Amino acid sequence: MRLSRYVALAPALVAACLTLGLPEGARAQKPVAEVQVAPPYVNLRVGARHRLSALAYDKDGNVIATGVRYAWSSNNVNVAQVDSAGNITAVGVGTAVIRAEAVGSGSPPRHGESAIRVRREGP
């Protein structure tokens, strides 16, 4: 096959890869305008666990149901730790803010937060 045939096939191959061959989340999606974390406030005792959830919204306020990944972080890991799925563990008395940032959305960074208050164990 000559080079000119490959060049002629290139647009069709690119189009096929864009519509079929890319992994979920790699396709073009609506830009994220807002991220909300639920619940926005959590009170826990030391040693307790709780799962947070995040939702991304487009500029029209519609939920972006697929293709959004979140990077979870805690501003105080001595009080509350969070894993990559939004599961938090209360490890010490105090307050922390858990943040979920939409990553790979192709838009400016957007994040939502939940305030965590951790009390001592016991009644």
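1. Let's start in the loop between β4 and β5, where you will find Asp 58. Keep in mind as you look that this is a predicted model. Asp 58 has a relative accessible area of 6%, so it counts as buried, the cut-off being under 20%.

2. What does the side chain of Asp 58 make a polar contact with? The partner is the side chain of Lys 30, at 3.3 Å. Setting aside neighbours within four places in sequence, Asp 58 is in contact with Lys 30, Pro 31, Ala 33 and Ile 64.

3. Now a step back to the whole chain. The protein has 1 helix and 9 strands, and from the N terminus the elements run α-β-β-β-β-β-β-β-β-β. Of its 123 residues, 25% count as buried. The accessible surface comes to about 8,000 Å², and carbon and sulfur atoms hold 56% of that.

4. A word on how the chain meets itself. Among contacts in the protein with a separation of 6 or more, 55% are between residues 24 or more positions apart.

5. For the sheet, trace the order β2-β9-β8-β5: these 4 strands form an open sheet with mixed pairing. Its edge strands are β2 (41-45) and β5 (69-74), each of which pairs on one side only. On average, neighbouring strands in this sheet are turned by 25° against each other, direction ignored.

6. Strand β8 (residues 94-103) runs antiparallel to β5, and 6 bridges join the two.

7. Next, the nonpolar core. The largest one has 21 residues, and those touching the most other members are Val 32, Leu 52, Trp 72, Ile 98 and Ile 116. Two or more residues each come from β1 (34-38), β2, β4 (53-57), β7 (87-90), β8 and β9 (110-119). Which element gives the largest share of this core? That is β8, with 4 residues. As general background, nonpolar side chains tend to be buried together in soluble globular proteins.

8. Beyond its neighbours within four places in sequence, Trp 72 is in contact with Val 37, Leu 52, Ser 53, Ala 54, Val 82, Asp 83, Ser 84, Ala 85, Gly 86, Ile 98, Arg 99 and Ala 100.

How values were computed. Residues are numbered from 1 along each chain as its sequence is written. This is a predicted model: local features need pLDDT of at least 70, side-chain atom pairs count only at pLDDT 80 or more; totals for chains, interfaces and linings use all residues. Side-chain values use heavy atoms; hydrogens and water are left out. Buried means under 20% relative accessible area, exposed over 50%, partly exposed in between (1.4 Å probe, protein chains only). Contact means heavy atoms within 4.5 Å. Accessible areas come from the Shrake-Rupley method with a 1.4 Å probe; for residues, only the protein chains shown count as cover. Two strands pair if DSSP finds at least two bridges between them. Axes are lines fitted to C-alpha atoms, for helices over the stretch in contact, and angles run from 0 to 180 degrees between N-to-C directions. A nonpolar core is a set of buried Ala, Val, Leu, Ile, Met, Phe, Trp, Tyr and Cys residues joined through side-chain atoms within 4.5 Å. A polar contact is a pair of N or O atoms within 3.5 Å; within protein, one must be able to donate a hydrogen and the other to accept it, and residues adjacent in sequence count only if both atoms are side-chain atoms.
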